[in-house]
Amino acid sequence: MDRHHFFTPVRLATFVVGLSIALTIALIPIEPAETLPQVGETALDDVRAWEDVAFESAVLTDLARDAAGENVAAFVTVDRGVERAQAGTLQVLLTSISDIRGSSTTEAERTAALAAVPASPLSLRGQILVLSFTNAQWETARDEATTLLTELFTANIIESDLETLRSEIPDRVALDLFPAVREVVVELVAPLIMPNVVIDEVATLAAREQARSIVAPVVCSFREEELVFPQGAEVTGADILARCELPVSLRGVDFTAAETGAVASEALERLTPNSGGIPGDELIAVLIIAAACAVTLGAYLALTHPRAAASDRRLVLLGALIFLAAIAARWYFPAVLPEEQDKALELILPLAAVAVLATVLLETTLALVVATIVAALGGFAAMAFPDYDVTNMPSAEQALRPAVTFLFAGVAGVFASTRVERVTQYAVVGSVIGGTVFVTGLAFWLFNDDRSTIALAWLALTALLATVVTGVVTVGAFTFLGSTFGVTTRLQLLEMAQLTQPLLRRLQEEAPGTFHHSQLVATMGERAAAQIGAHPLLVRVGAYYHDIGKLAQPHMYIENQGDEENPHDGVDPWESARVIQEHVRWGLELGRRHRLPERVRDFIPEHHGTRLVTYFYRKAAQLDPDVDPTGFTYEGPRPRSRETAIVMLADSCEAVVRSSHDRDPDQIDNLIDGVINERLAERQLDDSDMTLRDLRLVGESFKVTLRGVYHSRISYPEPTAAEQERLTRSPLPEDFKAPPEPVGDLPIDGSEPPEIA
């Protein structure tokens, strides 16, 4: 199909819509389901309340009620029995001491008896002092101790005041007493002071429960979208207390870590994690960007009708390259940004490889458009999908760096890969891209006020990795994509052009005439293709293989017969025509068996088009003037590209000039012009997209080539005597025959040299 007729509005609209949908899917802003952190963990992302949340904190409510209960004073009663019991104990003790003092025993015995008094509070010094007192002193001590104990128990004594009260006893003893007497009084009374106040547990508990019951529950609340736990902070619950209605009793209280952790756990239980999904506003933004890229590419296709994209599979390949670039950018950038934005790791992504693949598989101009679109998508993905916040937003140069770098690297990759002919040259392409990444990144580094050496070292490392990754991706992908989408790459053609290929070796050995004819057609076609901007290498390879079907019966074709009898002489024209037509079918079969690319196989049927097997048709017409030409017509199709049209013309021109006995330059020119005019008259070139200007340039190129092949030659003189003498001095081995005498150069096709006027 003519490429101008291929790019119909319906096909272009389908491509634009399909690419828009594909890019939207590739760049779709999916938010993952949120995973809430646990208490004590660090929040990896901001934790927000996705709806209004209010809950009663059981922990804070219990703390508030406990505080209210503790503020209620205990209910107490005074136990007078304590005073009586302690007074009785004192009197028993005093009586025992008086009895010991009044006994007639020795001093040692009285001391021992005094030490043996049950529950005696007297120390050893106190015992000695008591025994040394006079009766008057002892009576004074007894009276003071009794009076003091009675006085102390007039107050309400509680457990917490006991030590304080005992420490104050020396100050309560009469100051006019003898010091030793005062000391003994203190020792006698202090141990007997006991609490005489009893707490009313029932009444106290009831009062405190009542105080607890009137404390309202503590409520904590969050508004929709309110930040609960900030990213990077430890989940402790301290931030939650500010969002709780604390009563007065809890304000200013220093809560323990366990208490705040318990509050945080309560908050986490009430929060509903974000279930993820697709935010509507971001989806619309992505759809607009995707549609803009698709419409831009569609407009280019509509305006230029590039030949390299003039098939459905090529359009799918074009869309697939851009789609894969978008997918890679969508998922790579969030993995390295914003954490590694100072290291320029986002520049490692080999988006320039997409432009290189478009150059190798399609064409250079289209690849430049692809490089621009891919750079725009990469820059958009680098800004839209990483999780930036106010603490790590990129600077102006960091925001522009991905898009600008990918644009220049892609353009550099396109120009560097335009003439790649060997796999090893992709290392050079990768180096050009890596160098472009470094130089572009260096420009942005110079814009930065903080020109750290570490950042420059990271940029150099990034450029090196971009070189390696781009080369590996390109080499690994272009063969796979080429075979998948039916694109014949330059490297495949170069490999197939090697004369050591099995089919070409067979052609050289089994059909040498056809082989040399194919070589000459390839020479003619390659030069002509270069003149009109067609694909010279494709023409050369197509010419090599266009007649491989003759391997089935090489002896049936005149160029391979030599001096042998022509087998067609004994066959009717109809059968001869069928045999000749069969070489197309056999050629296609051999091409499939040997997995020749589709574009190379196209040369096999299209170099004959739908022409007649002219010689045998005319021979049959001599026998039957009303013969049906259908049986003598090749099945076609007619040439559908400039490359196959060139081989059709070169094949016919070479055959016509070879079969002519008159090969002077003017005759060669006339023969070539006649062949071209005949093909035009037969309408064989209607589908090939050849212009009259192209045909003129092709014809001129054929004329130059064939004039060079069939140029005039001179006759060589007889060998001189000196030559004969040298040959005599250097005899050949006995098993070699004598060489023939030199007779001059022969034409490369093996025919007789033309006569020299």
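This briefing covers a nonpolar surface patch and some backbone features of the structure above. The structure is a predicted model, in which local features need pLDDT of at least 70 and side-chain atom pairs count only at pLDDT 80 or more, while totals for chains, interfaces and linings use all residues. Residues are numbered from 1 along each chain as its sequence is written, and side-chain values use heavy atoms, with hydrogens and water left out.

**Surface patch**

- Leu461, Leu464, Leu465, Val468 and Val472 form a nonpolar patch on the surface, and together they have about 430 Å² of accessible area (Shrake-Rupley method, 1.4 Å probe, with only the protein chains shown counting as cover for residues).
- Patch members have over 30% relative accessible area and no salt bridge, with like charges joined within 9 Å and nonpolar side chains (Val, Leu, Ile, Met, Phe, Trp, Tyr) within 5 Å; a salt bridge is a side-chain nitrogen of Lys or Arg within 4 Å of a carboxyl oxygen of Asp or Glu.
- Val472 is found in helix H19, residues 453–484 (helices are DSSP runs of H or I with at least four residues, numbered from the N terminus), and counts as exposed at 56% relative accessibility (buried is under 20%, exposed over 50%, partly exposed in between, with a 1.4 Å probe and protein chains only).

**Backbone features**

- Most residues other than glycine have a negative phi, and most peptide bonds are trans.
- The peptide bond from Leu337 to Pro338 is cis, with omega near 0 degrees, and Pro338 is in the loop between helices H14 (312–336) and H15 (352–361).
- Arg595, although not a glycine, has a positive phi of about 55 degrees, and this residue is exposed, with a relative accessible area of 75%.

Key:
Helices (H or I, at least four residues) and strands (E, at least two) are DSSP runs, numbered from the N terminus.
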